[in-house]
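Subject: Structure for your attention

Dear colleague,

Please find below the structure that I am handing over to you.

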Amino acid sequence: MRKELCVDKLQVKIFESRREMGERAGNEIAACMMELLNKKELINVMFAAAPSQNETLETLCRYPIPWNRVNAFHMDEYAGLDESHPAGFRNFLKRAIFDQYNFHSINLIDGNAADLEAAMRRYDELLEAHPLDICILGIGENGHIAFNDPEVADFNDPVRVKKVELDDKCRMQQVHDGCFHDISEVPTHAVTVTVPALCAAGRMFCSVPAATKAEAVERLIRGPIGESCPATAMRNHEGAYLYLDLDSAKYII
C-alpha cells in the first residue's frame, strides 16, 4: 500500500496498482463477511455492477464464503434495456458472482417491469425488511454512487429506490467502460437505490481504479460534502472504506 489517510470518517487506502487495490478490497470484504457470519445466521450484501469492480469481485470469489447464508442485492439497473443485453447490470453480476454460488437469495431490480412503480415499491420493501450489512460499490466519473447523478442525488431522499434520468457524463462513462459502442445506445433512465439507502449499510467498501475517475476522486476527497458530488456522502459514514490505485489517486497524492 502506498498511502493511507482519513477524510472526515472515510478511510482511504491508495495502492500501487489496480490489481493490488482490488485484492486488498476483496480480502477485507471477505474478512468482514466472515466476521458478521460468525455473529449472524444471515447477512445482506449489496453489489455494484461495473468493470471497476472486477478485481475486487474476483478476489472475493476466491474465499470459501458460505454463500447460502448471504442475501444478495444489486443497486441499480437500466430502465427498458432488453433483459438479455450483456450490459444489463443484473447480467454483469450473474456472470461475475451470482451464477457461481448458491446464495440464500438473489434480489434483482426489474427495470423492465410492466408496472415499474410497483416493482420499485417491492424492492424498497425488500430493503426495509433486510437491512444491509455490507454495500460493495464504486463511484462514477461524475461522482455518482449507484445511479445517483449530481442532478438527482438527494442525501435526504425519502425513498430507498427511485427512477432517475441519467446525465450525459454518466451515459458516456458506460461507453468508456466498453459496455456500449455509442452514447445513443445507452438508456436514458434507470432505477437506482438512493443515497441514504446505500449509506444505511453497516459497512461500505468502495473500489475506484483508473485515471478516468481521478477528477471525481479529487472532488470526493477535497470538495465539500454535498449532492454536487454524491460520493461525498461516504465521508459521513463511520464504516466506509475507499480503495484507490495510483491512477485514480493521482490528484490527491
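In this predicted model, the largest nonpolar core holds 47 residues, and Ile139 and Met234 touch the most other members. At least two residues of this core come from each of several elements, among them strand E2 (10-15), helix H4 (116-129), strand E7 (134-137), helix H7 (214-222) and strand E11 (240-245). The largest share is that of H4, with five residues.

Isoleucine 139 deserves a look of its own. Residues up to four places away in sequence are not counted here; beyond them, isoleucine 139 touches His144, Ile145, Cys206, Val208, Lys213, Ala216, Val217, Leu220, Ala231 and Met234. There is also a second, separate core, made up of 42 residues, including Leu37, Leu57, Phe98 and Phe205.

I turn next to the empty space. Rolling a probe the size of a water molecule over the atoms shows where such space is left. The largest pocket has a volume of about 290 Å³. It is lined by 25 residues, of which Ala49, Ala50, Pro51, Phe89 and Gln174 are the closest to its centre. Helix H3 (89-96) and helix H5 (168-176) each supply at least two residues of this lining, and H3 gives the most, with three residues. By residue type, the lining consists of 14 nonpolar, seven polar and four charged residues.

One further residue may interest you. Where is glutamine 53 placed? Glutamine 53 sits in the loop between strand E3 (43-47) and helix H2 (54-60). Is glutamine 53 buried or exposed? The relative accessible area of glutamine 53 is 0%, so this residue counts as buried, the cut-off being under 20%. Leaving aside neighbours within four places in sequence, glutamine 53 is in contact with Ala48, Ile136, Leu137, Gly138 and Ser207. Glutamine 53 and glycine 22 are 31 residues apart in sequence, and their C-alpha atoms are 7.5 Å apart in space.

Finally, a word on the annotation. The UniProt record, an unreviewed entry, places the feature "domain: Glucosamine/galactosamine-6-phosphate isomerase" at residues 17-239. In the model, this span is 32% helix and 16% strand, and the C-alpha atoms at its ends lie 24 Å apart.

With kind regards

Definitions and conventions. Residues numbered from 1 in each chain as written. Predicted model: local features only at pLDDT ≥ 70, side-chain atom pairs only at ≥ 80, totals over all residues. Heavy atoms only, no water. UniProt positions renumbered as here; feature names shortened; annotations may be inferred. Helix = DSSP H or I, 4+ residues; strand = E, 2+ residues; numbered from the N terminus. Core = buried A, V, L, I, M, F, W, Y, C linked by side-chain atoms within 4.5 Å. Buried < 20%, exposed > 50% of the residue type's maximum accessible area, 1.4 Å probe, protein only. Contact = heavy atoms within 4.5 Å. 1 Å grid on protein atoms, 1.4 Å probe; cavity = no way out; pocket = protein on both sides within 12 Å on 5 of 7 lines; lining within 4 Å. Points joined across faces, edges and corners; volume = space filled by probe spheres on them. Nonpolar A, V, L, I, M, F, W, Y, C, P; charged D, E, K, R; others polar.
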